[in-house]
Amino acid sequence: MDPPNTPSPNSADHADIDFSVVNAWQDGFTAQLELTAPSDRLLDGWTITFEAPFEIGHIWNAEIVSRDGNIYTVSNASWNGRVNAGETVSLGFNGVGQAGDGLDNVQVNGTAIDSLTQDLPSPTPPSASPSPQPSPAPTSPIPDPSAIPDPIAPPEMMDPIPTPSPSPPSPIPVPSPNPSNSSSINYGEALQKSFLFYEAQRSGVLLEDQRVAWRGDSALTDGQDVGVDLTGGYYDAGDHVKFGFPMAASMTLLSWGVLEYEDGYEQSGQLDEALEAIKWGTDFLLKAHESNAQGTQAFWGQVGDGNVDHAYWGPAENMTMARPAFKIDRQNPGSDLAGESAAALAAASIAFRDSHPAYADELLSEAIQLYDFADTYRGKYSDSIPNAQSFYNSWSGYSDELSWGAAWLYKATGDETYLDQAKANYQGINPGWTHNWDDKSYGAAVILAQETDDSRYEQDVERWLDHWSNNSGNGIQHTDGGLAWLSQWGSLRYSANTAFLAGIYSDTVGGSTTAKRQHYSDFAEGQVDYLLGENPRNASYMVGFGDNSPQNPHHRSSHGGSWATFRSPAPNDHILYGALVGGPGSADDFDYVDDRTDFIRNEVALDYNAAFTGAIARMYDRFGGDPLSDAALNALPGIDVGSEF
């Protein structure tokens with residue numbers, strides 16, 4: 001029993017909260033709240049209640065749980081409830097109206113805090129409004145490294161889902177509800193349309209055979225501010241920033257899908273489209289890489305200021321804002337960015353080895369240089385490119401990319417030195433999270449299980465996949481309809497990523513038992529089918545595919561409007577064929593609304609589709625399907641197929 005004067009563990013006594021307005025215009029503003037836990041104890045979950053002289057529009061890194069007049073109560077998101085002693089968590093929102101004198105009657109976990117005041121900055125002209133949209137990455141502090149032991153969950157892997165205690169090998173998990181051996185889903189069409197999404201994301205001078213007719217040339221001066229041609233590449237999501245870290249991660253996964261399921265790509269007629277999509281990304285990575293006889297000198301990791309870019313809502317072709325370029329170099333390293341880019345180039349070199357050997361040689365040569373740079377000059381890229389921190393912060397550090405990059409170089413070269421480096425940098429995996437744009441340890445574990453006889457990697461992968469595929473309540477949350485649900489923001493990309501790796505592991509390593517091999521395969525198939533429409537909503541989450549698909553993805557160019565029409569209920573002007581939207585905001589099959597203003601459920605991104613595309617290729621390889629004919633593609637609104645196709 002605590003002494004009478006000892007506050008409860010979750011008491012907010014002596015907590016601190018700061019309110020600031022970070023951007024303002026004539027009829028609105030963007031604000032940030034920073035909550036700092038007391039110096040002597042953590043907050044295990046937090047709720048903030050306040051009275052505001054304005055209306056809250058969008059909110060991120062928190063949820064509005066109640067509103068009574070102008071009194072709001074907000075609580076932590078799924079990933080940032082735990083705030084260690086003395087650490088800070090941030091949330092933000094767009095306000096409608098003016099911030100006035102700030103917030104009154106503020107309470108944190110029921111404890112009164114002084115009213116918060118803030119002077120508004122001078123309003124910007126209407127053309128610069130409204131505010132930045134939040135990023136697709138959690139912005140909570142990384143938990144205390146001492147909280148979970150190595151190697152199961154090293155500190156940089158500690159995302160919001162707790163790591164289960166190590167246990168003996170478990171029995172086969174309860175099967176997922178919807179393994180699909182008799183699905184009516186047309187996997188050929190789904191695979192085909194995924195590449196239309198990548199065409200819609202292209203930046204720079206478009207090819208003559210561009211099929212997405214509503215896109216045009218854009219961002220033709222990228223890199224001029226630094227004297228480097230940085231045109232081309234891909235826009236990241238529903239915005240127009242070129243973030244090199246998730247772009248490279250997406251190219252690696254697209255290449256992996258081609259390597260594992262090349263027969264499916266070939267038979268579906270989508271191999272050329274897949275290689276063209278990869279090359280569009282790797283060509284940009286080659287441009288971004290500055291090197292000489294002494295090796296890598298710099299790598300340009302981002303084009304566009306995320307905050308300035310997100311204040312603009314309109315097509316890429318109409319942008320007028322400055323688009324600064326940001327780099328890593330020997331004085332300002334980025335082992336994670338360089339290591340992932342090395343992985344992307346190495347994986348692509350294997351994919352192009354037979355059809356374009358000279359290009360494959362170039363990719364591999366630059367991958368080797370980049371990996372050496374990543375390994376020699378160590379550091380987190382988001383420390384060197386601070387603008388990336390609010391959007392794609394390197395939460396997991398760089399050991400995972402050093403392992404992942406070395407694993408791909410081993411596959412590309414057969415050089416045992418790289419295999420040794422992959423093993424040396426591998427730090428285990430947290431079964432409660434999964435492969436994503438930031439944490440590559442899961443993919444590295446699968447490759448190491450493929451390439452070595454060390455049972456450690458198989459045990460790690462199977463503990464993770466058992467946790468994900470177990471719908472009995474002892475693993476990842478599963479919806480009643482069978483979706484393995486991890487986290488609120490872009491929930492479906494996590495399911496797709498895990499399904500992709502589960503399929504590869506089942507097909508190549510196989511599992512420690514025949515039953516597990518089949519179980520992982522069934523799990524992968526069930527997740528893909530859920531995303532493509534076999535779910536309680538009877539709705540596809542791929543735009544322009546299947547029944548009841550989304551019409552309003554959070555995507556500036558496909559919307560075709562401006563902030564003035566941002567909230568319009570009318571569908572987007574253009575159909576963003578093939579894009580996977582974020583999906584349900586909780587482990588509830590029906591927690592989804594097709595609303596472009598809801599970026600948590602309706603954002604799209606390069607990384608959302610990358611592993612998903614490979615998982616669909618696997619389904620085509622197993623069950624077939626019929627891609628649309630050229631005539632049928634031409635009949636789609638906004639699609640123009642020339643004779644080349």
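Predicted model: local features only at pLDDT ≥ 70, side-chain atom pairs only at ≥ 80, totals over all residues.
Residues are numbered from 1 along each chain as its sequence is written, and side-chain values use heavy atoms, with hydrogens and water left out. Local features need pLDDT of at least 70, side-chain atom pairs count only at pLDDT 80 or more, and totals for chains, interfaces and linings use all residues.

**Helices**

Helices (H or I, at least four residues) and strands (E, at least two) are DSSP runs, numbered from the N terminus. The expected span of a helix is 1.5 Å times one less than its number of residues.

| Helix | Residues | Number of residues | First to last C-alpha | Expected span |
|---|---|---|---|---|
| Helix 4 | 271–288 | 18 residues | 26 Å | 26 Å |
| Helix 13 | 455–469 | 15 residues | 21 Å | 21 Å |

Buried means under 20% relative accessible area, exposed over 50%, partly exposed in between (1.4 Å probe, protein chains only). Helix 4 is largely enclosed by the rest of the structure, because 13 of its 18 residues are buried. In helix 13, the buried residues include Y457, W464 and W468. The buried residues of helix 13 pack against several elements, among them helix 11 (416–425), helix 12 (441–451) and helix 14 (491–508).

**The helix 2 and helix 4 pair**

Helix 2 (residues 244–260) packs on helix 4 at about 150°, with the axes 10 Å apart. Axes are lines fitted to C-alpha atoms, for helices over the stretch in contact, and angles run from 0 to 180 degrees between N-to-C directions. The two helices are therefore roughly antiparallel (angles over 145 degrees). On the helix 2 side, the contact (heavy atoms within 4.5 Å) includes M247, M251 and V258. On the helix 4 side, L271, I278 and L285 are among the residues involved.

**Cores**

A nonpolar core is a set of buried Ala, Val, Leu, Ile, Met, Phe, Trp, Tyr and Cys residues joined through side-chain atoms within 4.5 Å. The largest one has 146 residues; Y198, W256, W464, F500, L532, F612 and I616 touch the most other members. Helix 6 (residues 335–352) gives the most to this core, with eleven residues. Apart from it lies another core of 29 residues, among them F19, L43, A52 and Y72.

What does L532 touch, not counting residues up to four places away in sequence? Its partners include I185, Y187, F545, F612 and I616.

**Positive phi**

N105 is not a glycine, yet has a positive phi of about 50°. N105 sits in strand 10 (residues 104–108) and is exposed, at 51% relative accessibility. N109 also has a positive phi of about 50° without being a glycine. N109 lies in the loop between strand 10 and strand 11 (111–113). N109 is partly exposed, with 25% relative accessible area.

Conventions. Parallel < 35°, antiparallel > 145°, perpendicular 65-115°, else oblique.
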